[in-house]
Amino acid sequence: QECVAHGLLTPYPCLHEKAGEKVAHFKCTVLLLPSGTSRVTGLDMPEYFKTDKTPDEETGKVLAAIAEKAAKKAKKKAAKKKKKKASS
């Protein structure tokens, strides 16, 4: 409730299934830190979950920025791990 009151999280309504449609619900745990949000539990979306819809331009830019940030973080983590392994 505190996170919602401070605008950190947005509550979502209950999911309702449409007749004949498939529904998937994924949950994860995130850390809300001053340096940014970090997902600590949960699964990545499986490759077989695809849609024929494309995001609008603004949403596409946001998604691209998120993907770029994740790639940089993964690259930095791999370099740090490699450096640590090399010094051992």
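In which helix do E57 and K61 both lie, and how many residues apart are they? Both are in helix α2, 4 residues apart, which is about one turn of the helix. Before selecting them, note that this is a predicted model, in which local features need pLDDT of at least 70 and side-chain atom pairs count only at pLDDT 80 or more, while totals for chains, interfaces and linings use all residues. Residues are numbered from 1 along each chain as its sequence is written, and side-chain values use heavy atoms, with hydrogens and water left out.

**Colour by confidence.** The chain averages a pLDDT (the predictor's confidence in each residue, from 0 to 100) of 78, and 91% of the residues score at least 70.

**Select E57 and K61.** These two residues form a salt bridge (a side-chain nitrogen of Lys or Arg within 4 Å of a carboxyl oxygen of Asp or Glu), with the closest N and O atoms 3.5 Å apart.

**Select E68 and K72.** By the salt-bridge rule the count comes to 2, and here K72 is joined to E68, the closest N and O atoms being 3.4 Å apart. About one helical turn separates K72 and E68, because they are 4 residues apart in helix α2. K72 is exposed, with a relative accessible area of 54%, whereas E68, at 46%, counts as partly exposed.

**Select K69, K73, K77, K81 and K85.** These lysines gather in a patch of positive charge on the surface; patches are made of residues with over 30% relative accessible area and no salt bridge, like charges being joined within 9 Å and nonpolar side chains (Val, Leu, Ile, Met, Phe, Trp, Tyr) within 5 Å. K85 is found in helix α2, residues 57-87, and counts as exposed because its relative accessibility is 69%.

**Select V4, L8, L9, V30 and L32.** Together they form a nonpolar surface patch with about 380 Å² of accessible area (Shrake-Rupley method, 1.4 Å probe, only the protein chains shown counting as cover). L8 lies in the loop between α1 (2-5) and β1 (29-33), and at 53% relative accessibility counts as exposed.

Conventions:
Helices (H or I, at least four residues) and strands (E, at least two) are DSSP runs, numbered from the N terminus. Buried means under 20% relative accessible area, exposed over 50%, partly exposed in between (1.4 Å probe, protein chains only). Lys and Arg count as positive and Asp and Glu as negative; His and the chain ends are not counted. The place of a charge is taken as NZ of Lys, CZ of Arg, CG of Asp or CD of Glu.
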